Amino acid sequence: MYIYDEYDHTILRQRVAQFRDQTERFLAGEIKPEEFLPLRLQNGLYIQRLAPMLRINVPYGMINSTQLRRLAHVARHYDKGYCHVSTRQNIQFNWPDLTEVPNILEELAEVQMHGTQSSGNCIRNTTSDQFAGVAEDEIVDPRPYCEIIRQWSTFHPEFAFLPRKFKIAVTGSRQDRAAVQVHDIGLQIVLNDAGEVGFKVYVGGGLGRTPVIGSVIREYLPQEHLLTYLEAILRVYNLYGRRDNKFKARIKILVRALTPEVFTEKVEAEWAQLKGSSSTLTQAEIDRAKSFFTEPPYETIDNAAAQAEVDALASENLAFSKWLQRNVRGHRVPGYAAVTLSLKPTGVAPGDITDRQLEIIADLADEFSFSEARTTHEQNIVLADVKKTQLFALWQTAKAAGFATPNIGTITDIICCPGGDFCSLANAKSIPIAESIQRQFEDMDYVYDLGDIDLNISGCMNACGHHHVGHIGILGVDKKGEEFYQVQLGGSASNDATLGDVLGPSFSAEDMPQVIQKLVDVFVENRTEEELFIDTYRRIGATPFKERVYAKAS
Amino acid sequence: MPKLVKDGAIVDDVWTCLPKPEGEDAASVSVPEGQVIVPLSVWLAQKSQLQGRTDIGVWLDSDETADMIGEEAASLPLIAVNFPTFMDGRAFSTARLLRERYGFTGELRAVGNFIRDQLCYLRRCGVNAFAFSNPDIDLQAALKSLNDFTEYYQASVDQPLPLFRRRA
């Protein structure tokens with residue numbers, strides 16, 4: 001994991017001092033509220049429905065046990081004893097006091113954490129694959145490039161007042177787990193015929209009120225040109241993106257207005273001027289970035305023996321066996337596995353985690369996974385480097401702490417925004433809908449039989465819950481002061497990125513569990529062996545689902 | 001005389017800024033004697049006469065790009081970039097382009113509704129003079145914001161080498 005040197009510390013300390021001064025000037029009435037707004041947002045601070053919300057970056061999801069303990073401390077001392085893992089791998093505190101925020105940021109800076117550029121019209125935290133570095137299908141570890149992008153985008157003087165927010169995601173695996181096609185810029189690491197590392201560049205994807213799948217503007221960008229190319233894209237966007245209408249200000253609107261072809265020409269023309277400049281990456285810098293993401297001291301393990309040990313325990317313990325099936329996945333190093341801790345037990349807001357649980361995860365990371373953990377955009381936590389022979393011990397502790405719910409990837413592993421319970425943008429609540437659906441699907445054997453289903457819920461069209469790319473997506477809408485829920489089917493955030501189709505008229509909150517049940521029933525009745533929900537939907541189309549859900553009561 | 005921040009000090013503003021012509025042909029706007037900053041449209045329409053003067057500056061609105069002045073920037077003593085609102089960040093790119101692509105070495109001035117807390121980033125993009133539209137701004141206090149940061153990751157006008165090429 002990246003470790004700050006004196007330069008990084010200096011820059012972050014200066015940022016904390018700057019924001020402390022800005023906050024003091026604001027509280028003294030020297031900065032107008034509308035001028036303080038972007039300043040506080042670019043330090044992660046929102047004013048929400050009930051209290052401020054402070055968003056702390058977890059750069060591309062990487063977090064260590066020291067940082068987890070510091071977050072626990074912040075949750076306990078400055079907040080109500082819990083925080084929330086966001087759909088962009090970040091951590092959110094829901095109840096901090098504005099006057100204490102500079103102190104919180106100072107405490108976090110000590111452990112190399114911050115809220116800078118976690119909000120506002122600037123380049124946000126770069127996100128990535130939670131299994132980076134350990135995935136069996138990985139081509140190249142994306143994290144060194146994420147870190148290079150993090151440094152380039154941090155306090156970039158030219159791009160702090162963009163038309164709108166800007167999100168970059170990077171994946172280095174064959175299967176895209178970072179949803180790169182629905183980001184402002186998506187980078188997919190590819191190798192050319194000579195085996196040299198480069199990027200396939202997607203631009204203009206995004207969710208929100210105008211969901212778009214990104215366009216490929218370059219099939220292969222050699223790695224050394226990463227920053228100059230990003231700079232060219234951002235400059236074209238900064239100069240030509242719309243600023244007259246907040247809802248048409250994202251880069252996807254510019255790409256669509258110009259057409260991807262013309263947009264590409266503009267970027268390439270700008271890049272022709274920047275290519276080869278001092279921002280061109282050196283091999284030394286790429287090597288330096290890679291040096292922070294070298295292998296931990298893995299042991300040489302007899303995989304067959306380790307697997308046999310796990311299998312023996314699994315055969316005696318059904319619950320452990322279910323957990324292995326859903327929450328544990330393969331690892332490129334023999335004898336190791338990657339474990340996902342579920343933050344989706346029924347009855348807890350998806351992604352919420354208490355101070356004590358953060359500390360337990362820190363302990364687990366220290367004991368089982370080289371003191372590191374990862375946050376996921378599905379709002380869970382991963383321990384990426386666990387010895388198979390320690391899985392049973394890990395499971396027992398995780399179970400006692402409440403995050404061994406064996407539901408990863410299933411219909412109850414719901415991606416869900418904070419919704420109307422917390423967020424001032426929301427049109428409707430989302431957390432109670434998630435809970436009611438989880439209660440509808442309490443029979444875990446039935447849930448396993450259904451296989452992987454991505455169910456995503458957003459409380460408004462800003463789509464923080466990624467409803468457009470759920471196999472089943474739910475969108476909260478407001479109709480004359482009443483909350484209703486629209487259902488979409490067939491979305492995907494993976495390599496086959498697809499936006500879901502709206503099923504039809506929306507439903508009331510109390511209808512939702514039955515509506516989802518009926519959709520699942522149609523799937524179960526129509527599926528062929530091996531088919532997942534999304535496959536069946538793609539094969540049979542929306543009509544059978546519509547007919548069932550909107551059937552007149554007889 | 002109004003004051004502004006220039007090269008880190010508070011100085012008299014000796015320039016007069018001409019507004020955009022409204023309902024008038026840019027070619028027929030009369031440009032007075034003395035140090036005058038003219039709108040881009042006037043500059044473009046009257047370039048042949050104005051180029052003979054050494055006391056003419058040009059201001060760009062946020063929707064006017066650096067290439068509209070282009071290489072001729074190098075011969076101007078002053079170019080201003082306007083902020084209709086402080087949230088309109090196009091001037092950051094325009095400033096860099098004037099400095100880095102079009103060889104402008106004169107006074108690069110931010111005008112309009114930018115805010116004190118943008119000074120450091122503006123300075124990094126090559127702006128060296130700051131004329132706040134609000135006359136009540138405490139310029140002495142604002143000077144402090146020029147150097148909110150003394151170390152940076154990226155290459156920019158004030159530091160042409162990115163940190164990764166300077167890291168010991």
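Two residues are in contact if their C-beta atoms, placed from the backbone, lie within 7 Å. Helices (H or I, at least four residues) and strands (E, at least two) are DSSP runs, numbered from the N terminus.

This is a predicted model, in which local features need pLDDT of at least 70 and side-chain atom pairs count only at pLDDT 80 or more, while totals for chains, interfaces and linings use all residues. Residues are numbered from 1 along each chain as its sequence is written, and chains are lettered from A and ligands numbered from 1 in the order in which they are written.

**Exercise 1. Find the buried residues of helix α2 (residues 33-41) of chain A and what they pack against.**

Step 1. A residue is buried if 20 or more other C-beta atoms lie within 10 Å of its own, exposed if 12 or fewer, and partly exposed in between.
Step 2. In α2(A), the buried residues are A:P38, A:L39, A:R40 and A:L41.
Step 3. These buried residues pack against α1 (6-27) and β1 (45-47) of chain A.

**Exercise 2. Decide how helices α12 and α13 of chain A are oriented to each other.**

Step 1. Two packed helices are described by the angle between their axes and the distance between the axes. Axes are lines fitted to C-alpha atoms, for helices over the stretch in contact, and angles run from 0 to 180 degrees between N-to-C directions.
Step 2. For α12 (residues 355-368) and α13 (residues 391-401) of chain A, the angle is about 175 degrees and the axes are 11 Å apart.
Step 3. Angles under 35 degrees count as roughly parallel, over 145 as roughly antiparallel, 65 to 115 as roughly perpendicular and the rest as oblique. So α12(A) and α13(A) are roughly antiparallel.
Step 4. Now look at who touches: α12(A) brings A:Q357, A:I360, A:L364 and A:F368, and α13(A) brings A:L394, A:T397, A:A398 and A:A401.
Step 5. Sort them by class: Ala, Val, Leu, Ile, Met, Phe, Trp, Tyr, Cys and Pro count as nonpolar, Asp, Glu, Lys and Arg as charged, and the others, Gly among them, as polar. This contact has six nonpolar, two polar and no charged residues.

**Exercise 3. Describe the side of chain B that touches chain A.**

Step 1. The contact takes 31 residues from chain B and 28 from chain A.
Step 2. On the chain B side, the elements giving two or more residues are α3 (90-100), α4 (119-124) and α6 (163-166). The largest share, four residues, comes from α3(B).
Step 3. By class, this side has 15 nonpolar, six polar and 10 charged residues.
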